[in-house]
Number of protein chains: 4
Amino acid sequence: MRIDRLEAFSDGVYAILITILVLEFSVPEYQVGHLMERVLTQWPIMFAYVISFVYVGAIWLFHHDFFQTLKYTSMELNVINLVVLFSVTLIDYPTALVAQALMERNVKDMRFSFIYYELIAMFISVTFAVLYSYVRKHPELTHRNDHQQKIYADIKMDPLISVSIYGVAVIITIFSPWWGLLVLVLGIIYHFIAYIRLGSRMQKTIRLE
Amino acid sequence: MRIDRLEAFSDGVYAILITILVLEFSVPEYQVGHLMERVLTQWPIMFAYVISFVYVGAIWLFHHDFFQTLKYTSMELNVINLVVLFSVTLIDYPTALVAQALMERNVKDMRFSFIYYELIAMFISVTFAVLYSYVRKHPELTHRNDHQQKIYADIKMDPLISVSIYGVAVIITIFSPWWGLLVLVLGIIYHFIAYIRLGSRMQKTIRLE
Amino acid sequence: MRIDRLEAFSDGVYAILITILVLEFSVPEYQVGHLMERVLTQWPIMFAYVISFVYVGAIWLFHHDFFQTLKYTSMELNVINLVVLFSVTLIDYPTALVAQALMERNVKDMRFSFIYYELIAMFISVTFAVLYSYVRKHPELTHRNDHQQKIYADIKMDPLISVSIYGVAVIITIFSPWWGLLVLVLGIIYHFIAYIRLGSRMQKTIRLE
Amino acid sequence: MRIDRLEAFSDGVYAILITILVLEFSVPEYQVGHLMERVLTQWPIMFAYVISFVYVGAIWLFHHDFFQTLKYTSMELNVINLVVLFSVTLIDYPTALVAQALMERNVKDMRFSFIYYELIAMFISVTFAVLYSYVRKHPELTHRNDHQQKIYADIKMDPLISVSIYGVAVIITIFSPWWGLLVLVLGIIYHFIAYIRLGSRMQKTIRLE
């Protein structure tokens, strides 16, 4: 089966998800003449938005480059891709909860919302691990060239590293939400670095051919 | 007429529909320090979300595989496809009602919201029955090969089976909402199984060619 | 310039517009145990939703078939298409106002919301008149065949007929909102019939080639 | 790497962004029989909507024409494009703030919301400057012809002119919000004129080939 509609549908879901995140921003109740002060207290919404945009953006970049190595889709790949998309759509709500908790700055609420976000991030990485593993085992779906198999081998551990980072973030968050948040942010930065590595490799591969 | 824009538009509608379902999740009113307890009471939103994501996801998978057998679209197919999309967009609201009713746990409200969802599910299956029947009668739109005609014959009864399952769900819900809900969930699982059957067959067909 | 991204972007806007119309449905405030009674009072939302879905759906169908006759886009066509999309996005808000006015059933408010809807509908038809006229004068953008020129000639008057119908609807609404609503609904049904005529012709054309 | 999915994803984000702007329109609290008066006080929402639709529309037109000169994407271009999209999604919230401030007409709140909008507009122009500069330095991604290099040279200064216009708008807004708003609107009109210049040139180029 052709891969193009799978890509189009996934692009649609990513595009919508990354865009409706802006709906979190809404004009607050404010005293006339004091709009600025009120909007400035919303900085956690901007913070959470940036984090989630970078996160979903990095996931899309991975999806984009990874699917370029594929030629066909299969029934199983369709289902796995749907589970990947499901996991990514779940990030929207904890993004809002993190913003809310950061505005109130209550330790218990921060701990809960950060851990929620981190657990979803772990789940996303697990679905990517399944996706990578499935494609590695089904070379008949790919363009079948050696460079690709090498790429698959190179990125094999990426999702597991992510799961570990977010796992560590959960544990640290239990003791200290602020340090946990730092590890979470580092995890998302790791995604970006991992993408840059994948992207560079893919470009080299294309030049070699 | 080319089929690609019909697919692109449909993918767009499915992608948006499946993604805006997350908008049901919204930060509840809560007492500072008790965010977790409040969010946990929202489990019915997660439950309804998972059910509807699986449902719309399975419908997209069907749409995806089914349209791969088509080469052209016609004026009638454009209209039928629009009716299919219309029926699917209607699932969003009963999803929210089911979540709400499950949070309040009032039997009358649960009965109403479950039956609403089940009636929409019946309607969706009816539109798919019309779609399948139309394509079966218009081989000039397809890639014209024997395997496809066999696939059309094989999936012919699927929508009617779904209509029956949801019909039974309605009747059971009248007497017992909880058992009705179970049948509804089974109906959605049936969609997934039916897709896996269709997907496997299509892959075999492609290999045979 | 290639026409495909123009189509993709337009499909995106139509798909989103037709889908976010469902966001008008929202769980009402209700007394536990009386969800059904409250939801049933929302029938005007369903009515307005069906009308607008049929309307935007018919517009998409036109857009779809019409752009199949085009091979290239131009700077002017890009801008005209954007104005067409702008006019269509405006239908969302009067849809909500019509639903609201029909729930309250106040004659003055109904008159206002119906006329708002009808004026936007007139504006949409005017933008289509501009689109049709531009393409008729720029055969270098089309697949250049005689059947197409005939199609353009055939549909030339459609937008003007629509403008007239909605103009009549405005005048009637001033005196009687209910009769005005009827004319508005007839106008939307006219779109559908006009599409069926266009669609049939285009299919014949394709067969002739 | 192929450029098509990058275009599809970007089209998705633009289409969603331009369409969810309509969600700013919502039925106001009103006294039955006085819906019209209340809706008319919402004119700033319509004003802000038109401005932002024209703005995002012009940006899409640029993106559309500019990417037609490209044949491949690279890891860096993927990332830069994501930053461009990020900057554009930020325009949604200040649009709502501008509408709100114009409804209340408090000078301090107007100043704040206009400056917010202008700063985001500056940021968007900066991201386009980076995009243009990157592509100019990477001819291996383009269709490699002399006309294109000429186009790149011609539009090189456009983002810097925009940044200057919005910078001037910020300074003027500090002293007089109304005059600042005028400069902001002129800046957006400048985008449109700049697009019409680019579009005309690209059409000539295509004819020359």
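## Confidence

pLDDT is the predictor's confidence in each residue, on a scale from 0 to 100. Helices are DSSP runs of H or I with at least four residues, strands are E runs of at least two, and both are numbered from the N terminus. This is a predicted model: local features need pLDDT of at least 70, side-chain atom pairs count only at pLDDT 80 or more, and totals for chains, interfaces and linings use all residues. Residues are numbered from 1 along each chain as its sequence is written, while chains are lettered from A and ligands numbered from 1 in the order in which they are written.

The complex gets an ipTM of 0.90 and a pTM of 0.91 from the predictor. Chain A has a mean pLDDT of 89, with 97% of its residues at 70 or more. Within chain A, confidence is highest in helix α6 (residues 107–136), at a mean of 95, and lowest in helix α7 (residues 146–155), at 80.

## Helix pair in chain C

Helices α1 (residues 4–20) and α4 (residues 75–89) of chain C pack at about 5°, their axes 11 Å apart. Axes are lines fitted to C-alpha atoms, for helices over the stretch in contact; angles run from 0 to 180 degrees between N-to-C directions. α1(C) and α4(C) are therefore roughly parallel (under 35 degrees; over 145 is roughly antiparallel, 65 to 115 roughly perpendicular, the rest oblique).

## Chain D against chain C

Contact means C-beta atoms, placed from the backbone, within 7 Å. Chain D gives 31 residues and chain C gives 28. α1(D) supplies the largest share of the chain D side, nine residues.

Terms used:
Contact = placed C-beta atoms within 7 Å.
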